[in-house]
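Below is a short briefing for someone meeting this structure for the first time. Keep the model in view while reading the points that follow.

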Amino acid sequence: KDVEAVSTGGGTRSINVAFETVLRSLPEGFGRPRVLTGNPHLAVERAERRFGFALTRLEVDGAIDLSKLARELHAPDVIAVYAQSLSYTDGISDDVPRVLDLLEAVNATRVKNGDVAVALINDCCLAFSVLVHQPAYRLLDRTTTHTPVLMTLDAHKHLGADKGLSTVVGTKGSLRALRGALRVGARPTRAALVRALANVASVTASGYDTIYRNLASR
């Protein structure tokens, strides 16, 4: 599938990159944008202060309240939803497949009306095992028509890679706004990237799948 990716120095930086590309994609004079979430990672609150967007919590029992989300998505100042496949705070997962279903339905109308499509930022930094065992959470395997989807995933937590190696992977065009942007903060070294790629090449995707399935069966 045709996707885009940016390597970063860690999960927090991946989250920041995801927000930055969404914000840089907004038309000039948009006003103060708003992000919808449930019970987010602390990095999201820091990103709120850093980038100046407004954060609206729609939380019930630790996860995004889908009924509240469905109502809020029609607001013109909403630009993104931050959803977690495995919460760093309490281990709860948002119903990410249904969040994407809602976004696709609402974005069809928003795009038709000339409004900004709401992006989905799916934090999977801890969730490699979820992606193995729950195919519905592999959002980039789905065909989306209107919704930019950005997923964050930490290689150093799952693939035996060096500490400080994370990635943002998005649908085609979702990271385009970062071209020419100045990269701030630590980034993985070339050697760390080579070692990570060597791990993937030697273990293979099916090998990692088997490892995580065997762990769950113990």
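The side chains of Asp-123 and Thr-152 make a polar contact at 3.2 Å. The model is a predicted one, with a mean pLDDT of 91 over the protein.

**Asp-123**

- Asp-123 belongs to strand β7, which runs over residues 119-123.
- With a relative accessible area of 5%, Asp-123 falls under the 20% limit and is therefore buried.
- Besides the contact with the side chain of Thr-152, the side chain of Asp-123 reaches the backbone nitrogen of Cys-125 at a distance of 3.0 Å.
- Neighbours within four places in sequence left aside, Asp-123 is in contact with Ile-15, His-41, Tyr-82, Ala-83, Gln-84, Ser-85, Leu-86 and Thr-152.
- Between Asp-123 and Phe-53 there are 18 Å in space, taken from C-alpha to C-alpha, and 70 residues in sequence.

**Ser-87**

- Ser-87 sits in the loop that joins β6 (78-84) to α4 (96-112).
- A polar contact of 3.1 Å links the side chain of Ser-87 to the side chain of Asp-90.
- If residues up to four places away in sequence are not counted, Ser-87 touches Asn-39, Ile-92 and Leu-126.

**Nonpolar cores**

- The largest nonpolar core has 26 residues, and the members that touch the most others are Leu-69, Leu-73, Val-81 and Leu-120.
- Two or more residues of this core come from each of α3 (66-72), β6, α4, α5 (128-133) and β8 (149-154).
- Which element gives the most to this core? That element is α4, with 5 residues.
- Leu-73 touches Leu-36, Val-78, Val-81, Leu-102, Leu-103, Val-106, Arg-110 and Val-118, with residues up to four places away in sequence not counted.
- Another core, of 23 residues, lies apart from the largest one, and its members include Val-35, Ala-43, Leu-55 and Tyr-82.

**Aromatic pairs**

- The count of aromatic pairs comes to 4.
- In the pair of Phe-128 and Tyr-212, the ring centres are 4.9 Å apart and the planes stand at 55°, so this pair is tilted.
- Phe-128 is in helix α5 and Tyr-212 is in helix α7 (residues 205-217), so their pair ties together parts that are 84 residues apart in sequence.
- Both Phe-128 and Tyr-212 are buried.
- Phe-19, Phe-53 and Tyr-82 form one aromatic cluster.

**Helix α2**

- Ala-43, Val-44 and Ala-47 are buried in helix α2, which covers residues 42-51.

**Two loop residues with positive phi**

- Asp-61 has a phi near 55°, which is a positive value in a residue other than glycine.
- The place of Asp-61 is the loop between β4 (59-60) and β5 (63-64), and at 70% relative accessibility Asp-61 counts as exposed.
- Thr-204, also a residue other than glycine, has a positive phi near 75°.
- Thr-204 is found in the loop between α6 (190-203) and α7, and its relative accessibility of 32% makes it count as partly exposed.

**Confidence**

- A pLDDT of at least 70 is reached by 98% of the residues.
- Where pLDDT is low, the predicted coordinates should not be read in detail.

Key
Residues numbered from 1 in each chain as written. Predicted model: local features only at pLDDT ≥ 70, side-chain atom pairs only at ≥ 80, totals over all residues. Heavy atoms only, no water. Helix = DSSP H or I, 4+ residues; strand = E, 2+ residues; numbered from the N terminus. Polar contact = N/O pair within 3.5 Å; in protein donor to acceptor, adjacent residues only side chain to side chain. Contact = heavy atoms within 4.5 Å. Core = buried A, V, L, I, M, F, W, Y, C linked by side-chain atoms within 4.5 Å. Buried < 20%, exposed > 50% of the residue type's maximum accessible area, 1.4 Å probe, protein only. Phe/Tyr/Trp six-rings, centres within 6.5 Å; stacked < 30°, edge-to-face > 60°. pLDDT = per-residue confidence, 0-100.
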